Amino acid sequence: MNSENFKLCAKLIPSSYVQQGENARKSQEHKIKTLLEHRKLPEDGWDELTIEFLLQELAITDSNNFPGNVGAGEREGRVASSLVSRRHYRFSHGIGRSGDVTAVQPKAAGSSLILKLTSAMALDVIKLTGVRSATSCLVLPVATGMSIVMTLLAFRHLRPKAKYVLWPRIDQKSCFKSIITAGFIPVIIENVLEGDELRTDISEVEKKIKELGEENIVCIMTTTSCFAPRVPDRLEEVAKLCKDKSVPHIVNNAYGVQSTKCMHLIQQAARVGRVDAFIQSLDKNFMVPVGGAIIAGFDNSFIDTISKTYPGRASASPCLDLFITLLSLGSKGYQRLVSQRKEVYSYLAEGLSKLADAHGQKLLNTKHNPISLAMSLRQMEGGLNVTNDGMTQLGSMLFTRCVSGARVVPPNATKDINGYQFTGWGAHTNNYPCAYMTAAAALGMSRDDVDIFLKRLDKCLFKFSKKNNPALSIVETNDEERNELAEK
């Protein structure tokens with residue numbers, strides 16, 4: 001209500017009560033004014049009532065919610081189910097226009113405003129977590145793989161002769177398939193083993209640039225967040241090489257925003273060399289449903305070029321989810337989550353190391369990977385044979401015990417992706433010295449989650465122990481539980 005309506009209310013009930021309500025309303029409006037003025041993530045998270053108040057105010061400005069509106073076109077934001085309409089807070093026009101996914105829609109002022117504010121807050125988070133020189137970002141309603149496709153397609157007109165994408169090997173299907181989907185030819189750069197870690201072969205990257213010709217290379221696609229024992233690529237060295245050779249460079253930063261180390265690598269790479277764009281997932285970094293990503297960079301015109309490659313309008317759902325989440329968390333809330341994740345990483349590393357020792361295994365030394373950890377599974381190959389559906393016995397045991405996300409990597413896995421044969425798939429290299437399993441300390445994981453995971457993993461590993469010796473356990477497990485496990 002506006003001030004005039006509050007005055008009218010004071011004629012019906014005591015004015016002191018009305019004044020309290022008006023003051024509360026002004027407090028909400030002040031928060032909204034600050035957001036619109038500064039276009040930055042609020043320091044303190046907002047309460048749900050204020051967020052819903054803003055969403056309702058913005059939804060009213062979309063034409064499908066105008067009282068008495070008559071839609072005479074083919075796309076008028078009509079929604080048959082009131083349940084679906086409420087689920088989307090009555091935003092049904094989506095974002096963008098036919099020629100640009102970031103363009104403002106005449107019919108959807110509220111939706112367009114949410115996109116602009118979400119992009120501004122997302123850029124604020126990116127700067128807050130370490131990439132301070134980033135100048136632009138684009139929130140897209142497609143996940144990381146398709147966002148990489150759009151980034152690659154943006155180079156098609158800029159580098160018409162180019163057809164090769166240099167790709168330091170990372171055994172994750174979507175980033176490899178993105179190259180194929182974009183219509184380019186992947187050039188796989190095998191990693192080099194340094195201790196337990198798999199690292200970028202810079203000399204091979206340089207060799208391929210010389211061999212293929214700079215003008216024929218679309219870009220080099222590096223990776224920050226990855227499963228151990230692979231570690232983030234040598235971004236600074238690649239960036240310097242790209243700058244010297246005038247070759248574009250994009251970074252697959254899928255779940256790297258939650259790691260200040262990954263973000264620092266991108267910042268340093270941009271400082272000393274060339275980084276055209278870096279792409280990150282919404283669900284992994286901000287704990288929202290799957291379906292969105294952020295493309296960020298240091299050149300506004302290039303990010304704008306990417307936005308123009310998206311044909312037609314787009315769903316506003318991922319953007320709306322991020323908008324609500326960022327307002328709920330505020331900068332303090334997000335920084336707290338990032339800090340907690342670091343603590344959980346150390347806690348998981350300590351616990352996994354003790355568990356590995358108890359079972360005659362080893363926590364692999366992958367100090368350059370700030371999110372993922374790997375534990376060797378030597379002398380357990382009998383239970384690690386890959387089935388037709390890609391599962392291993394140990395992996396299946398963990399999954400049936402409600403442990404998701406842990407990856408068991410046997411030494412004999414192969415994979416065919418669009419005609420490209422990979423040996424040792426999952427290990428990021430043809431012949432890693434041992435079988436292993438990985439676990440990640442990702443955003444939102446708690447110490448309690450770690451404790452439960454280690455206890456269940458211990459029980460599963462006991463089944464593979466040569467001696468089935470209860471002394472191998474570091475977790476208290478009674479005889480009845482062990483007998484039950486042995487029977488399984």
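1. Cys242 (C242) is buried, with a relative accessibility of 0%; buried means under 20% relative accessible area, exposed over 50%, and partly exposed in between, for a 1.4 Å probe and protein chains only. This is a predicted model, in which local features need pLDDT of at least 70, side-chain atom pairs count only at pLDDT 80 or more, and totals for chains, interfaces and linings use all residues. Residues are numbered from 1 along each chain as its sequence is written, and side-chain values use heavy atoms, with hydrogens and water left out.

2. Disulfides. A disulfide is a covalent bond between the sulfur atoms of two cysteines. Here the term is applied to a pair of cysteine sulfur atoms within 2.5 Å, and by this rule the count is zero. For C242, the closest cysteine sulfur is that of C219, at 8.3 Å, which is too far for a bond. C434 is likewise in no disulfide, as the nearest cysteine sulfur, in C226, is 17 Å away. C434 counts as buried, at 6% relative accessibility.

3. Helix packing. Two packed helices are described by the angle between their axes and the distance between the axes. Helix α5 (residues 109-128) and helix α13 (residues 317-358) have axes that come within 10 Å and cross at roughly 35 degrees. Helices are DSSP runs of H or I with at least four residues, strands are runs of E with at least two, and both are numbered from the N terminus. Axes are lines fitted to C-alpha atoms, for helices over the stretch in contact, with angles from 0 to 180 degrees between N-to-C directions.

4. Residues between α5 and α13. Contact means heavy atoms within 4.5 Å. Among the residues that meet are I114, L115 and T118 in α5, and C319, L320 and F323 in α13. The residues of this contact divide into 14 nonpolar, three polar and no charged; Ala, Val, Leu, Ile, Met, Phe, Trp, Tyr, Cys and Pro count as nonpolar, Asp, Glu, Lys and Arg as charged, and the others, Gly among them, as polar.

5. What surrounds C319? Leaving aside neighbours within four places in sequence, C319 is in contact with I114, L115, T118 and V139. C319 lies in helix α13 and is buried, at 3% relative accessibility. C319 and I95 are 224 residues apart in sequence, yet 8.9 Å apart in space, C-alpha to C-alpha.

6. Strand β1. In a regular strand the side chains alternate between the two faces of the sheet. In strand β1 (residues 136-140), S136, L138 and L140 on one side and C137 and V139 on the other are all buried. β1 pairs with strand β9 (residues 293-297) in the antiparallel sense over five bridges, where pairing requires that DSSP finds at least two bridges between two strands. S136 stands opposite G297 in β9.

7. The three-stranded sheet. An open sheet has the order β10-β14-β11, with antiparallel pairing. β10 (372-376) and β11 (407-409) stand at the edges with a single partner strand each, so one side of each is left without a neighbour in the sheet. The twist averages 25 degrees from one strand to the next. R407 has T438 in β14 as its bridge partner. Helix α13 lies across β10 and β14, running at about 0 degrees to β10.

8. A hairpin. Strands β12 (residues 414-417) and β13 (residues 420-423) pair in the antiparallel sense over four bridges. Two residues separate them in the hairpin, and N418 in the turn has a positive phi of about 50 degrees.
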